[in-house]
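Open the structure in your viewer and keep the selection tool at hand. This tour says what to select next and what is there.

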Amino acid sequence: MAFGINRKELEAWKQAVSRGEIAFLTHFWLDPRFPGMTTVTKVGCSDLERLKSWCETHGLPSRHIHNRNPFPHFDLIGPKQKEILIEEKLWDHVERFKL
């Protein structure tokens, strides 16, 4: 279950992903499979090779990419989520979701 974002933010992410950009969308999230995790960042890009390369650059296994057309993405959760958001200088995500 996702919450904490608005339609405008979601649409902007979808448009960026569709253009082949590496796009980030962080939102609150609850999933019983991941107790204690309350946020996720979806890193999307319609260019799968570019997304795979991005994952490998950040030490993430590209085999965990959710290849869901038209919005392929990799889900960042836990400590790696904050680490990468800081590396990418996405301070607004870190602050807004208190990571």
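Start with helix 1 (7–18), strand 2 and helix 4 (91–96): each of them supplies at least two residues of the lining of the second largest pocket. Keep in mind that this is a predicted model.

**Stop 1: the second largest pocket**

Select Ile 5, Glu 9, Ala 12, Trp 13, Phe 24, Leu 25, Thr 26, Asp 92, His 93, Arg 96 and Phe 97, which line this pocket. The space in the second largest pocket is about 190 Å³. Colour the lining by residue type. Six of its residues are nonpolar, two are polar and three are charged.

**Stop 2: the largest pocket**

Now move to the largest pocket, which holds about 310 Å³ of space. Its lining has 16 residues. Select Phe 34, His 66, Asp 75, Leu 76 and Ile 77, which lie nearest the centre of the largest pocket.

Next, show the strands. Strand 2 (23–29), strand 3 (39–44) and strand 4 (73–76) each give at least two residues to the lining of the largest pocket. Which strand supplies the largest share of this lining? Strand 4 does, with four residues. Colour by type again. In the lining of the largest pocket, seven residues are nonpolar, four are polar and five are charged.

**Stop 3: Val 40**

Select Val 40, in strand 3. Is Val 40 buried or exposed? Val 40 is buried, because its relative accessible area is 1%, and buried means under 20%.

Show what surrounds it. Leaving aside residues up to four places away in sequence, Val 40 touches Leu 25, Thr 26, His 27, Trp 29, Asp 75, Leu 76, Ile 77 and Gln 81. Now draw a distance from Val 40 to Leu 30. These two are ten residues apart along the chain, and their C-alpha atoms are separated by 9.0 Å.

**Stop 4: aromatic rings**

Show the aromatic side chains. A pair of aromatic rings is described by the distance of the centres and the angle of the planes. The model has four aromatic pairs. Select Phe 28 and Phe 97, an edge-to-face pair. Their centres are 4.9 Å apart, with 70° between the planes. Phe 28 sits in strand 2 and Phe 97 in the segment after helix 4, so this pair ties together parts that are 69 residues apart in sequence.

Check the accessibility of both. Phe 28 is partly exposed, at 28% relative accessibility. Phe 97 is buried, at 6%.

Go on to Trp 29 and Phe 34. The pair is tilted, because the planes stand at 35°; the ring centres are 5.5 Å apart. Trp 29 is buried, with a relative accessible area of 12%. Phe 34 is partly exposed, at 32%.

**Stop 5: His 58**

Select His 58, in the loop between helix 2 (48–57) and strand 4. His 58 counts as buried, because its relative accessibility is 13% and the cut-off is 20%.

What does the side chain of His 58 meet? One of its polar atoms lies 3.0 Å from the backbone oxygen of Trp 54. A polar contact of 3.1 Å also joins the side chains of His 58 and Glu 88. Not counting residues up to four places away in sequence, His 58 touches Lys 80, Ile 84, Glu 87 and Glu 88.

**Stop 6: backbone details**

Most residues other than glycine have a negative phi, and most peptide bonds are trans.

Select Asn 69 and Pro 70. A cis peptide bond joins them, with omega at about 5°. Pro 70 lies in the loop between helix 2 and strand 4.

Select Lys 89, in the loop between helix 3 (78–87) and helix 4. Lys 89 is not a glycine, yet its phi is positive, at about 60°. Lys 89 counts as exposed, at 60% relative accessibility.

Finish with Lys 98, in the segment after helix 4. Lys 98 is not a glycine, and its phi is positive too, at about 50°. Lys 98 is exposed, with a relative accessible area of 72%.

Conventions: Residues numbered from 1 in each chain as written. Predicted model: local features only at pLDDT ≥ 70, side-chain atom pairs only at ≥ 80, totals over all residues. Heavy atoms only, no water. 1 Å grid on protein atoms, 1.4 Å probe; cavity = no way out; pocket = protein on both sides within 12 Å on 5 of 7 lines; lining within 4 Å. Points joined across faces, edges and corners; volume = space filled by probe spheres on them. Nonpolar A, V, L, I, M, F, W, Y, C, P; charged D, E, K, R; others polar. Buried < 20%, exposed > 50% of the residue type's maximum accessible area, 1.4 Å probe, protein only. Polar contact = N/O pair within 3.5 Å; in protein donor to acceptor, adjacent residues only side chain to side chain. Contact = heavy atoms within 4.5 Å. Phe/Tyr/Trp six-rings, centres within 6.5 Å; stacked < 30°, edge-to-face > 60°.
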